[in-house]
Amino acid sequence: MAFAMSDVAGRLLEEFDQYVMNHIPIRFIRLSDMTFVGRDDVRKHFRSFVPQTNLFGIYKPSRVVRYAILSHRWLDSGEPTYEEMKAGTATGPGYKKLKNFCEQARKQNVEFAWSDTCCIDKGSSTELDESIRSMFRWYRNSAICIVHLAKSTTIEDILRDEWTERGWTLQELLAPFHIKFFNKHWMPMTNDSNDKQKEATTEILQTLEKATGIPHNEIYWQFNPGPFKVDERMVWAARRKTTRVEDVAYSLMGIFDVSLQIAYGEGGDRAFCRLIEAIMQAGDPSVLNWKGIAAKHHTSDAIPRSPRSFLDRRELKLASGGRLEMTMTGLGLRMPLVILPLNLPLAKATGKGRACVTFDCLLYPNIKIDINVDNSSDHGQYRYALGIINYSLVKDGSLREVVEMQGKSAGIPLKCRPIDLFSSSTSAPKTTGVVGFGFGFGFENLDQKFGPWKKILDEGLIEVNFPITPRFYIGRKYLEIVYL
């Protein structure tokens with residue numbers, strides 16, 4: 001029995017050591033003397049608090065290693081730096097803010113505190129990289145996140161406070177389990193011990209929802225980070241600002257639970273493209289639900305330019321859980337889509353400019369699909385289709401693989417053109433007005449070669465409601481690999 005107890009204690013200590021060295025900030029302010037301490041000092045301080053047994057399975061290192069963390073709007077100048085704090089020369093309004101934060105942290109019965117202004121050695125690229133990648137986790141593991149609203153006196157003032165408009169403060173709101181809001185005078189804004197709990201003052205939760213656009217249940221529940229509900233979460237970030245353009249992407253890594261190499265100077269567009277590519281690896285189709293001009297990506301037209309691209313998205317209510325294989329290649333974003341051919345009414349294929357055109361679905365004629373297209377004279381020479389994103393491959397009664405479709409589906413509007421469309425030596429193919437994708441849907445010139453499917457520019461996902469059953473099946477021949 002003694003050996004078993006010792007073995008358990010050893011495992012608990014190992015778990016504690018791993019937690020301290022990997023899941024909390026690199027450096028803290030020790031509140032007793034306002035000096036820096038590292039992870040090893042924190043490990044030594046808390047090691048005696050690690051239990052010898054875990055009979056009820058309730059031990060977690062985060063319950064032992066308790067620290068406060070600051071969330072705030074940086075001053076334009078005057079924040080204390082790592083070098084100033086280390087030398088003991090920090091002064092000014094930023095240092096006064098830091099001292100007020102530390103005073104409130106002491107009242108929370110913690111020994112250590114962390115601030116992004118001075119607890120990161122920004123002269124070390126390695127430390128800066130680790131800090132930015134780990135930021136969400138550091139806020140999540142804190143015992144208390146103290147929020148200072150420098151422009152607010154009352155709860156109503158939160159609606160106009162800059163803290164709700166900054167890029168980094170989004171994860172600082174969502175990540176912690178415990179938050180306490182203080183106004184510009186460092187007075188608590190509620191009488192609750194945790195302003196994030198469901199039972200907390202209703203007024204502050206309602207105000208935060210109104211100010212940020214985030215549903216209050218996402219705020220007070222334990223927010224679950226991950227690369228899903230991408231369109232909804234991008235909207236939360238769409239109107240936020242960052243000083244460095246790359247931080248638009250870097251500040252969202254923790255929310256979507258992806259990791260990027262930090263490369264300041266690469267530019268905001270490139271950083272956001274890398275973020276989207278990392279999110280796409282998880283296969284949640286919601287990352288495709290955006291509208292507008294695509295990013296300047298080297299191979300793909302399926303990458304949005306910024307979180308703002310998701311503001312005009314269509315509200316889609318699709319069954320969750322489906323995974324779409326998305327792989328970035330030298331030819332574009334590779335995806336297997338169910339291609340539903342569309343019929344372009346010839347009466348709508350005239351004129352110039354951008355227009356909303358109603359297409360007929362050839363397989364299900366009762367379905368009408370509105371797509372914004374360039375309403376030009378060469379309309380009828382293109383083929384149009386909708387690439388359905390939510391489907392499953394299943395076996396039918398004869399053990400043949402078929403495509404299981406959802407009654408409520410969504411698709412990417414696509415078009416392709418004849419390869420010799422602009423050739424002077426070959427006349428354009430004549431059509432009957434049916435614009436399909438090559439299963440014999442009425443083309444008079446069946447030998448005509450068409451180029452690859454392309455996403456219709458500026459369009460987003462389109463919802464389709466099939467008037468059949470919640471699920472139905474079509475042949476596998478409609479499943480096609482596309483590169484967008």
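**Reading strands, rings and pockets**

Visitor: In which sense do S8 and strand S9 (residues 354-361) pair, and over how many bridges?

Guide: S8 and S9 pair in the antiparallel sense, over two bridges. In S9, Asp360 is the bridge partner of Asn343. Keep in mind that this is a predicted model.

Visitor: How do strands of a sheet pair in general?

Guide: They pair through backbone hydrogen bonds, and the pairing is either parallel or antiparallel. Now look at what else S8 pairs with. Strand S7 (residues 327-329) and S8 are antiparallel, with three bridges. Thr327 stands opposite Arg334 in S8. S7 and S8 make a hairpin, with two residues between them.

Visitor: Which strands does S8 join through five bridges?

Guide: One is strand S18 (residues 479-483), which runs antiparallel to S8. There, Leu337 has Glu480 in S18 as its bridge partner. Another is strand S11 (residues 383-388), again antiparallel to S8 with five bridges. Here the bridge partner of Leu342 is Tyr384 in S11.

Visitor: Why is S8 called largely enclosed by the rest of the structure?

Guide: Count its buried residues. In strand S8 (residues 332-343), 11 of the 12 residues are buried, so the strand is largely enclosed by the rest of the structure.

Visitor: In what order do the six strands of the open sheet lie?

Guide: The order is S2-S1-S4-S3-S5-S6, and the pairing is mixed. Strand S2 (35-38) and S6 are the edge strands, as each pairs on one side only. On average, neighbouring strands of this sheet are turned by 35 degrees against each other, direction ignored.

Visitor: How many bridges join S1 to S2?

Guide: Four bridges join strand S1 (residues 27-30) to S2, and the two run antiparallel. Ile29 faces Phe36 in S2 across this pairing, standing opposite it. Phe36 has a charged neighbour too: Arg27 lies over the face of its ring, at 5.9 Å from the ring centre.

Visitor: Where does the charged end of Lys415 sit?

Guide: It sits over the ring of Tyr382, 4.4 Å from the ring centre.

Visitor: What describes a pair of aromatic rings?

Guide: Two values do: the distance of the centres and the angle of the planes. A search of the whole structure gives 15 aromatic pairs. One of them is Trp114 with Tyr139, edge-to-face at 6.1 Å centre to centre, with 85 degrees between the planes. This pair links distant parts of the chain: Trp114 is in strand S4 (residues 112-114), Tyr139 is in helix H6 (residues 125-140), and they are 25 residues apart. Both Trp114 and Tyr139 are buried.

Visitor: Why is the pair of Trp163 and Phe181 edge-to-face?

Guide: Their planes stand at 85 degrees, with the ring centres 5.7 Å apart, so the pair is edge-to-face. The cut-off for that class is over 60 degrees. This pair also links distant parts of the chain, 18 residues apart: Trp163 lies in the loop between strand S5 (144-148) and helix H7 (168-174), and Phe181 in strand S6 (residues 179-182). Trp163 is buried, as is Phe181.

Visitor: Which residues form one aromatic cluster?

Guide: Phe28, Phe46, Phe49, Tyr67 and Phe112 form it.

Visitor: What shows where empty space is left?

Guide: Rolling a probe the size of a water molecule over the atoms does. Take the second largest pocket here, with a volume of about 590 Å³. It is lined by 20 residues, and the closest to its centre are Trp74, Asp116, Lys122, Trp168 and Asp247. H6 and H7 are the elements that give two or more residues to this lining.

Conventions: Residues are numbered from 1 along each chain as its sequence is written. This is a predicted model: local features need pLDDT of at least 70, side-chain atom pairs count only at pLDDT 80 or more; totals for chains, interfaces and linings use all residues. Side-chain values use heavy atoms; hydrogens and water are left out. Rings of Phe, Tyr and Trp (its six-membered ring) pair if their centres lie within 6.5 Å; planes under 30 degrees apart count as stacked, over 60 as edge-to-face and the rest as tilted. Buried means under 20% relative accessible area, exposed over 50%, partly exposed in between (1.4 Å probe, protein chains only). A charge sits over a ring if NZ of Lys or CZ of Arg is within 6 Å of the ring centre and within 35 degrees of the ring normal. Two strands pair if DSSP finds at least two bridges between them. Axes are lines fitted to C-alpha atoms, for helices over the stretch in contact, and angles run from 0 to 180 degrees between N-to-C directions. On a 1 Å grid over the protein atoms alone, a cavity is a set of points where a 1.4 Å probe fits but cannot get out, and a pocket is an open set with protein on both sides within 12 Å along at least five of seven lines; lining residues have an atom within 4 Å of a point. Grid points are joined across faces, edges and corners, and a volume is the space filled by probe spheres set on the points.
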